[in-house]
Amino acid sequence: MASVEFLIKQFLTPNKKSLDLSNQNIGDQGALTLAKSKSLKRLTRLSLPNNNIGDEGAAAIANSETFKNLTDLDFYGNVISDDGVKAIASSPYMKNLKKLSLYGNLVEDDGAIAIAESATLAKLKHLFLTSNRVRRAGLEALTKVKSRHRLCHLHIDDLSDFLYEEDDDDEDMDDDD
């Protein structure tokens, strides 16, 4: 892997507003380096798909003033779980996010609920949370937010994919009342 500083020089757009480090395997250490970089203060789009970034790296980015101008954050295909998502959802530096991709991570209900209940992410319009571990409670919380028109584009797994036999039995019992 090349040094993160070298990757920044190579992939930062000339206007310094977009950085795409897809498939560079920077991990949490690389994310920590990004969070400390002074050359990224103008960044509005940060794309980090398939980089083996976990909660520590996600939290470092979320809690870095360097990224206060971000409107688009892409963590596709990393190893971020609820703790990393909670850091994003509660960080004052993430208040300008309009698009957040967490597709293919390890997010469960608590992370989805943190996004749904986040006052920080009030501008969020596009959320990609498909192929995670979010189940009924998380999906329902996000669906409610979408119905209140905050999230215009919500990409989550279909709730019906998670109906199990015992769920059907519970619904049948409710019908008998």
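Predicted model: local features only at pLDDT ≥ 70, side-chain atom pairs only at ≥ 80, totals over all residues.
Helix packing comes first. Two packed helices are described by the angle between their axes and the distance between the axes. Helix α2 spans residues 27-36 and helix α3 spans residues 55-62. Their axes come within 8 Å and cross at roughly 5°. Angles under 35 degrees count as roughly parallel, and α2 and α3 are therefore roughly parallel to each other. On the α2 side, the contact is made by Asp28, Gln29, Ala31, Leu32 and Ala35. On the α3 side, Asp55, Glu56, Gly57, Ala60 and Ile61 take part. By class, this contact of α2 with α3 has five nonpolar, two polar and three charged residues.

Helix α3 also packs against α4. The angle is about 5°, and the axes are 8 Å apart. This pair, too, is roughly parallel. Helix α3 contributes Asp55, Ala58, Ala59 and Ala62 to the contact. Helix α4 contributes Asp83, Gly84, Ala87 and Ile88. The contact of α3 with α4 has five nonpolar, one polar and two charged residues. Asp55 is listed in the contact with α2 and again in the contact with α4.

The nonpolar core was examined next. In soluble globular proteins, nonpolar side chains tend to be buried together. The largest nonpolar core of this model holds 47 residues. Within this core, Leu34, Phe67 and Phe75 touch the most other members. Six helices, α1 (4-11), α2, α3, α4, α5 and α6 (136-147), each supply at least two residues of the core. Leu34 touches Val4, Ile8, Leu19, Leu21, Ile26, Leu40, Leu48, Thr66 and Phe67, with residues up to four places away in sequence not counted.

A search of the whole structure finds one aromatic pair. It is formed by Tyr76 and Tyr103. The rings are stacked, at 4.9 Å centre to centre and with 5° between the planes. Tyr76 lies in the loop between β3 (72-74) and α4 (82-90), and Tyr103 in the loop between β4 (99-101) and α5 (109-117), so the pair ties together parts that are 27 residues apart in sequence. Tyr76 is partly exposed, with a relative accessible area of 36%. Tyr103 is also partly exposed, at 30% relative accessibility.

His126 has a relative accessible area of 27% and is partly exposed. Its C-alpha atom is separated by 6.3 Å from that of Leu100. Along the chain, His126 and Leu100 are 26 residues apart.

Notes: Residues numbered from 1 in each chain as written. Heavy atoms only, no water. Axes fitted to C-alpha atoms, helices over the stretch in contact; angles between N-to-C directions. Helix = DSSP H or I, 4+ residues; strand = E, 2+ residues; numbered from the N terminus. Parallel < 35°, antiparallel > 145°, perpendicular 65-115°, else oblique. Contact = heavy atoms within 4.5 Å. Nonpolar A, V, L, I, M, F, W, Y, C, P; charged D, E, K, R; others polar. Phe/Tyr/Trp six-rings, centres within 6.5 Å; stacked < 30°, edge-to-face > 60°. Buried < 20%, exposed > 50% of the residue type's maximum accessible area, 1.4 Å probe, protein only. Core = buried A, V, L, I, M, F, W, Y, C linked by side-chain atoms within 4.5 Å.
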